Structures are given as C-alpha cells and as structure tokens.
Amino acid sequence: MLKATNLTKYYGKHLALDALNLEVQAGEIFCLLGANGAGKSTTINLFLDFIKPSDGAAFIGGINVEKEPIKTKKLITYIPENLVLYGNLTGVENLQYFLSLAGKKLKSKSLEMFLEEAGLQSGAFYQRVKSYSKGMRQKVGIALALAKESKVLLLDEPTSGLDPKASNEFSELLIKLSELGVTTLMATHDLFRAKETGDRIGIMKSGQLIENMSTGEVGHTDLEKLYLDRMK
Amino acid sequence: MPGHSSHSWVFFYQQEESSSMNLYIILTELKQLYRNHWLLMLTSLIFFIFLYAAWNGNTNVEKRKESITSALVEMNQQDELLLERLDSLKEGHELNLRPWQYPDQPTATGNFNPRVAAFYPSNLALISTGQSDLFIHYVKPTLNDDVISLSFAELTSPVRLLFGNFDISFVLIYLLPLIVIAFCYNILSIEKESGLLRLVASNPLNVQLWLFQKTLVRFITVALLIVGALCISLALNKVDFQPGAWKLLLSVILYTSFWFALSFVVNLFGRSSEYNAITLLSLWMFLVLILPSTVSQIASELYPVPSRVMLVNELRKEQAAADKEQDKILDDYLRAHPEMVVSRESDESTAYGWWQRYFASKDLVEQRIEPLMADYDQKLLEQQMLVRKLRYLSPSVILQDVLSELAHTSTDHYLAYKESVFQFTKDWKSFFLPLVFAEKEFSSDMVEKLPQFQLDASSLESRYFTNMWVLFLYPFILIVLCLVGKPFSIKNMF
C-alpha cells in the first residue's frame, strides 16, 4: 500500500533521507523509530507531498505521490504530533469541516457515531475544541480517518505527550483500524508503543533505514537494546 | 472508450466535490468569524469611525451652508436698504451719506451691493471635505476688485491638499486599508504557525483556492459592514440616495477588494505573520502616503507655479505705474472702448473724472498682468493634467478622485466655480461701467436687472467610469498574476 523507492531528500547540502526503500502492506502498522533528525518526519512529509523528493519516488496505493497528490491524498489521513483543530468550532463541526475538505459530507448522527467509535465522550461532541485535551483532539483525528474511510494513516509521533491511558487507547484504535484494512505508517520515539502496536518496526539513522523487522521477532528488552546499539 | 468515460466521471466527481466543499468552507468561515470577538470589535470600530467621520464631514458642510446663507441674508438686507434709499432720493430727500456713497452713483452700488457668487455644497459633500474647507466657497465680486483671481490663490496643489479632515474619504482612503490588513495579514500564516495548515493540506484540495475562499468570506464580511456603516451614516445625515451614493458604494467595494486581493497575494508567498504585516504596511505606506506625495512633488517640480507674492507685487507695481499716467491711460482706454465715449460739449471735454480714470487704469493693470495670471493658470492646469495621468499608479489617488468628484469638491469643480466667478465679475463690471462712463444714475428699476451669479459646470467631464475600470483592474490583475505566476506552493510551506 505504501512504497518508497530510492526516496532521497536533501535540504541544501544536508542529506535528510538517503535512498529509502520501504514497503508497507495493506492493513499493516509500520513504526519508524529513530532519534531526532533521523529522517522519520521527512519520510512522512514525502508521503504527504509536503516536500519534493530530491530523488526516488513515494507511492500510495500504487499512485505516485508527487505526480498525483490529489489522488493520493484522498486515500490518507494524517495525524501530526500535536493535532490542532479550529478552537471556535465543536468536535462535530471540526470533523465535518475536514471531511468537507476531503470532499465528503455526512449528517450529524454519522459524525457523532464516528467520534464515539474513536472513543470521544459524547458530552464533548458539541463542546468547542479549545476546551479539548490533546488526547481528545487525537481522537477527533482518528474519527476523521474512520469517517473518510482512509486506506492509509500517516502518523507523526501521535502519542507524544499523551498520558499512558490515552496512549493505550490510541494504540487500541490503531489496531482496530488495522483490522479494518487500514495501513499505518507511524513515526515515534516510543519503543514500547511501537512494539505493542506495530506489525513491523524500522529503525532510522542519518536518513537511512538501518533495521526493518517484524515486532514478533524481538521482545521489549531486546528492542530497546537493539535500538540503543544502533544509535551508537 | 472505457478510459475516456472513467476520466470524465472523475472530472465530474471532482467538480461536484469542489462545489459542495466551497459552500461548507464559506459557511464555516462565517461561523468562525461570528464566534470570534474580533468581529464584534471590528463591527463596532467600523460603525464608530464611519458615523464620526460622517458627522464631522457634515459639520463642515453645515458651516459652509451657514456662511453662504448669512452672506445671502446680508445681501438681501443691503438690497432692501438700497431700494429704500433710492426711493428716498427719488422723493427728493437728502441722505445722511457722503456723496460717493449715494446709491444712485453706479460706483457706489457696484461696490456696496455685490451679489453673492456661492459654491453650494452638493448632496454628497460631506464624504470629502478635504479641500472644500480650505477653498473659498463664496465671493462677492465688486466693481473695485483688483484681480478677482487672486482670491483663488489657495489652489496650489491638487494632491497636497488631498487628505486633511477626518471625513469619510479619510476613513476610506487611509483607515480602510489598515482595517483590511489587520483582518487578513495572517489569514494563511496563522494556519501555518498553529499547525492547522498541515492538517488542511493533507486533504485532497487546492490550498490556494481554499485560501481564496477564506479571503472572499472576509472580504464579503468587511464589505457588508462598510456598506452598512456608510448607508447608515449617510441616512443619519439626511443624504439623498440618488445615483451618487450608489456610485460611492461601488467605488468603495472595488477599493476594498483591491486591499483584500493584495493581502491574499502577500499571504500566498507563505511567509510568517510578521513578514506579511510588515510587507502590507509598507505597501500601504507606499500607495497611500509616499506615492501621492511624490506625484504632487513631481507635478510641482515639473510645472512650478509662480509665487503669489510675486503676483501681488506685480499688481502693485503696475498699479503704481498706471497712477502716474492716468490721462494717457484714459485716452488709450477710450480708443480701445469707443462705446464708452460720451458725446460732450466742447467745454466739457475734460469732464471725465476720477472714477473713469480709475477704471481705465484698472483695466490696463489687468491686461498687463494677464500673461502672468495666464501662466499661473497654465502651470496649475499642467500640474492637474500630470496628476490626473499619474493617479492610475495608486488606487488611493483614484479613489480620492472619485470621492471628490462625487462630493463636487474636486479641483475641476473648483475651477469651474472659479471660471463662473470670473465670468460673473466681467458681467458685473459690464453692467456698471457704461453707467459710470455715461455718468448715468443708478435707479431702483435697475435692481432687478442686476447680473445674477450662476455656476456653470457644463464643461466638467466625469472620470468616474474610467476610475472604476482601473479600480476593478487592480484586484483583477493581482489575482490573474497569482494564477499565472503561482507564487504559492505547498512545498514551500513546511
């Protein structure tokens, strides 16, 4: 579903992503681990067509992201580290607004259903988003993915700053989406969450994917040891 | 062809998507503006400044009307007194006046009972009083007046005097762009800085179009507020909504659209809020302040108007020279104006007195300084023409031109008034001088025949539609340049 072939990005003379080759199958959750500046966010940005690759190409559902961004964006939902919504709109209104940007329109009942499915308390549906916590906002993001019927989720450190309970709820939602066939590419620093949630883990360093393994292959402790070794 | 039909279907589907998306974006933007206290502040501010500016402008107009009315009342009182005195003289009574003040003397009536040549304010005069309060709005030309044109020497520069009062034109030209800038300078950058733009741009949409829709909503909001505030301000000041007021509204909407288009374009470059604010303020300063004053400066440098002091000195010099050669001047004058020569008996051949000599010398003085006056007027005209051409460089100058035309306070209106006063002064003198030279008395039956002043504005040409086209072209060209130049790329934003 997601594919990067020889994907390279230079910022001036700085090589941010070095010929990345990656493939994520439909329904798979792929977690990208790595230190700051390793190239995780650059990879996500290239799949979002927010930046132009210096070389290589990114594909979503077999479509070249750079050549047909409107088509690929119809397939994805993106949730950044700190999901910002319109503070003066309610959760339902925000959901409807971003759905309308994607060309969809749903009735309030359906929107409420998706928010509920994403785990947001019903009392918050019609509250203005400026009173929402970060966890609540992330749930609106998940509701957006559900309502858009996205095939791909691109997540850039989505659990950063969430409390363990909210983080756990978020992971459960990702697994649920994965069971529905949604492919997830998640950049994270959270080794534990990556091991718990992901199907596969990639470790990045200096723009290169230096490890690509199945989460079943390693335990929590081994993963941490491996990660620290690789970061040396 | 399956491929073809599939492609058409996608195109149609996208069209459907974009039209429904537009409406929802517009409604949501309106909802957000409504829920934002900033909009309430903006509404209060706009209504306050427009109401105050209209009141202020109307105060100036009322002062102008009052001074004209009081001059007319005084004129009517003087006329009543004139008739009383003439009747009294007819009945053979003596008047307690010096001989040269006797109303049957044409020189006395020509000097002490002038008509009021008034420049009445128009229906929309309150919108642009910037020049009118500095200019003369009524004169009373008399027989003795030196050179009436000297009364009009305030007219120095058409642009220098553009902005003075806190009237509606000041609010529209100066403050309205600032309101638009404050409302729109960060319309995209705030989305970028808050992180919302990443979420927006991850959707299948044209971000440039999305931004245009947001700007359009704000433009409609501000335009409606301004139109509302203007209509209420005009209605409260009892302005008749004849076509002039509708023309005013159209010009204001076009001028507002220019500043919105400019804000939209600056936002498209994707810079920070601070950068956008500084850029837009610099453009405001350039277009509203620097460019008009530069145009004025260029006009003054290219066509310098002779000094008024020089004119007065020249007049005095010529007058002094004329005083020394009164008899010769009178002879020359009578040769040039044989109609004034009165048949006299041979012993009365030297009977032409002081007044005849005086008017003959006055005529000569006017003739001699005429080239100077013509030069003065020519330079002013050339300045006007240059400013008129260069006005297209700045929408602010164009709007000022429109507003002063609608308010009848433009330089052209003032020049038409000046020309009418010149003509009237000639008519006034032509009425009395034959009486003076023929040594005839002024009688009460002549009062009704006295020349009356009429403002002749038939030579005025409207520039309204040309100005409207240019005001329309400004935002249009900006938007087209955007579409062609594509300054915006989502890839430059992150």
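1. Chain A holds an open, mixed sheet of six strands, ordered β6-β7-β8-β3-β9-β10. Strands here are DSSP runs of E with at least two residues, helices are runs of H or I with at least four, and both are numbered from the N terminus. Two strands count as paired if DSSP finds at least two bridges between them. The edges are β6 (76-79) and β10 (208-214) of chain A; each has a single partner strand, so one side of each lacks a neighbour in the sheet. On average, neighbouring strands of this sheet are turned by 15 degrees against each other, direction ignored.

2. A word on the basis. This is a predicted model, in which local features need pLDDT of at least 70 and side-chain atom pairs count only at pLDDT 80 or more, while totals for chains, interfaces and linings use all residues. Residues are numbered from 1 along each chain as its sequence is written, chains are lettered from A and ligands numbered from 1 in the order written, and side-chain values use heavy atoms, with hydrogens and water left out.

3. Leu32(A) stands opposite Gly202(A) in β9(A). Helix α6 (residues 164-179) of chain A packs on this sheet and touches β3, β6, β7 (152-156) and β8 (183-188) of chain A. Contact means heavy atoms within 4.5 Å. The direction of α6(A) makes about 155 degrees with that of β7(A). Axes are lines fitted to C-alpha atoms, for helices over the stretch in contact, and angles run from 0 to 180 degrees between N-to-C directions.

4. Helix α8 (residues 220-231) of chain A lies across β3, β9 and β10 of chain A. Helix α8(A) runs at about 20 degrees to β9(A).

5. Chain A also has an open sheet of four strands, β2-β1-β4-β5, with antiparallel pairing. Its edge strands, β2 (14-24) and β5 (63-64) of chain A, each pair on one side only. Helix α1 (residues 40-48) of chain A lies across β1, β2 and β4 (55-60) of chain A, at about 115 degrees to β1(A).

6. Strand β1 (residues 2-11) of chain A is joined to β2(A) by seven bridges, antiparallel. Facing pairs include Lys3(A) with Glu23(A), Leu7(A) with Leu20(A), and Tyr10(A) with Leu15(A). The hairpin of these strands has two residues between them, and there Gly12(A) takes a positive phi near 65 degrees. With β4(A), β1(A) pairs in the antiparallel sense over five bridges. Ile60(A) in β4(A) is the bridge partner of Leu2(A).

7. Now the interface. Contact involves 28 residues of chain B and 28 residues of chain A. The buried area is about 3,000 Å², with 60% from carbon and sulfur atoms; this is the accessible area (1.4 Å probe) that the two parts lose on being put together, summed over both.

8. Two salt bridges link chain B and chain A (side-chain nitrogen of Lys or Arg within 4 Å of a carboxyl oxygen of Asp or Glu). Arg35(B) and Glu93(A) meet in a salt bridge at 2.7 Å, N to O.

9. On the side of chain B that touches chain A, the elements giving two or more residues are α1 (2-35), α5 (189-194), α6 (196-201) and α7 (207-236) of chain B. Of these, α1(B) gives the most, with ten residues.
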